[in-house]
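This short report looks at how two chains meet. Have the model open as you read.

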Amino acid sequence: MAILGSINPLLTVGLDGDNAWRLADYVKRGGYTALRGILAEKVPPGVVVDKVKKSVLRGRGGAGFPTGLKWSFMPNYLPVEKYVVCNSDEGEPGTFKDRDILRFNPHAVIEGMVIAGYAVGASRGYNYIHGEIWEVYKRFEEALDEARAAGLIGKDIQGSGFDFELFAHHGYGAYICGEESALLNSIEGKKGQPRFKPPFPASFGLYGKPTTINNTETFASVPFVLNIGPEAYLEAGKPNNGGTKLFSVSGHVNRPGNYEVPLGTPFSTLLEMAGGVRGGRQLKACIPGGSSAPVLPAQVVMDCTMDYDSISKAGSMLGSGAVIVMDETTCMVKALERLSYFYYEESCGQCTPCREGTNWLYQIIHRIEHGLGRPDDLDLLRSVTTNIMGRTICALGDAASMPVQSFIKHFQDEFAYHIEHKKCLVPPEIQRAGSGFFKATF
Amino acid sequence: MLSTESLQKIDREIAKYPPGQRQSAVMAALAIAQEELGWLPSEAIEFVGNYLEMTPIAAYEVANFYNMYNLKPVGKHKLTVCTNLPCMLSGGVDAAEYLKSKLGIEFNETTPDGKFTLKEGECMGACGDAPVMLVDNHRMCCCMQPEQIDKLLSELE
């Protein structure tokens, strides 16, 4: 069980038993009442969309786009096949919440997707599951079988005349498929390369048909929005940031894991729930929203509350809610080197600024880390990032650039020291102790 | 080229997609082929392409794009270690170094007895359980400290 704590939780209530993921357990917890209610009372789809809008449920995958608004873009009036797609291709370094939702509460995702299908007029859905979590994919398929056998997906659901088929699609290792249009291409059996937007998926999505695509946690939240009502859901968070959210806390904390807390919870509270910084050491920095979000120094992040607006005001992004904690044993150059390698490795190669630029970024940071940095390297890095940003089809180029800009901005001294002294400010043995692998103490 | 059992599995995948969209099953079909053959020789990729009524080059593009496909033969077991930042902060890189020294190989190499291939992985979405390793694409092993790694290596036949 990797959901280690919560404050006023919704999504993770009652997930302690081994069978919590089963249909019977989900129903005992009140599962599928939202869907059954909508179908029995023939609630107009527009009313469902309005409720989701009113709750200010914002996309939990990273962008924080209002879910109800996204649903309202679907051309309900068009008599064509429409699709609902769930993005469970969770590969943003630091993020591991969707894996736990799918492991422990898969029926919440299924119910949310069926409700979305009803609301936007779709009759088919796919859940695209991250390649590396095969066991979770198999469990989700089992959950689908349960839902199908109980008449909760398929033809004429609960005798309502509403049809909705739902399937799981297993990824096979490509970070870029977390980008929605790359994910759609991937389902179509192509390389996962992003598409030009517009057109957006709501008009030209899967197989060229109108498609709504949301994150796993977003879909899983929908039944709770409807069960407690949009007003109560909004109040569970803070204005403009409705509800609770799962935060994946990783790195230098005593209890890394997932925590469900109301949006607007102070960062310091979350850090405390995660057992504080490992070994009682000093917090150095934190990436508050997954590796693509700008890093924040300790003194800045300690004053933040965990919601879209507060983190954005502090100069970063809440993103997927992946909180990567770094203590004083961390070499910021090495940390950035590893992140830059990741973006270089995962660039799909479609746009020149990103394909070439991510390589440049990695090569330059690599040479700084290895004592071969040149005096003008920091200016060169800044120049490469500004030549990538805004010049690519998708956001991967920006995602690769923002860590570079923010690391250099907040930890310029450490980079300068590396370049001048050809070694790290944090001694290697202290860095090594920080990881805890060899149980060394510091 | 592939067993009846594998073909049946592929057919089940094809059935998930609308009529005329057989190509959507290509990722699953390549994975199924790889499971049977251990890796994807170009004949297997071509076979899958033909089976799904897509050009062999389109199937090859897919096999080449996603990094869990083995385009070269691998050892009996493929161990993929995540060394990305969150894992690195909690010993992912140390775990990889430990494995390298135990197996006497570097990343992308196979032990002389053909038993293990070591790969460096990118984020597997399990950062809270670092160090994380994936065995043969299917089995995720969490919190891999030295003693757990030793145990895993002795378990794998």
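How many residues does the contact take from chain B, and how many from chain A? The contact takes 51 residues from chain B and 65 residues from chain A. Note that this is a predicted model.

## Buried area

Chain B and chain A bury about 4,500 Å² between them. Carbon and sulfur atoms account for 58% of that area. On the chain B side, K16(B), F65(B) and L89(B) supply 15% of the area that chain B buries against chain A.

## Polar and charged pairs

The interface of chain B and chain A holds four salt bridges. One of the salt bridges across it pairs R338(A) with E122(B). Their closest N and O atoms are 3.2 Å apart. Across the interface of chain B and chain A there are also 24 residue pairs in polar contact, with both residues at pLDDT 80 or more.

## The chain B side

Which elements give two or more residues to the side of chain B that touches chain A? The helices are α2 (26–37), α4 (56–65), α5 (85–89), α6 (92–103) and α7 (146–155) of chain B. The strands are β2 (116–121) and β4 (139–141) of chain B.

By class, this side of chain B has 28 nonpolar, 15 polar and eight charged residues.

Notes
Residues are numbered from 1 along each chain as its sequence is written. Chains are lettered from A and ligands numbered from 1 in the order in which they are written. This is a predicted model: local features need pLDDT of at least 70, side-chain atom pairs count only at pLDDT 80 or more; totals for chains, interfaces and linings use all residues. Side-chain values use heavy atoms; hydrogens and water are left out. Contact means heavy atoms within 4.5 Å. Buried area is the accessible area (1.4 Å probe) that two parts lose on being put together, summed over both. A salt bridge is a side-chain nitrogen of Lys or Arg within 4 Å of a carboxyl oxygen of Asp or Glu. A polar contact is a pair of N or O atoms within 3.5 Å; within protein, one must be able to donate a hydrogen and the other to accept it, and residues adjacent in sequence count only if both atoms are side-chain atoms. Helices (H or I, at least four residues) and strands (E, at least two) are DSSP runs, numbered from the N terminus. Ala, Val, Leu, Ile, Met, Phe, Trp, Tyr, Cys and Pro count as nonpolar, Asp, Glu, Lys and Arg as charged, and the others, Gly among them, as polar.
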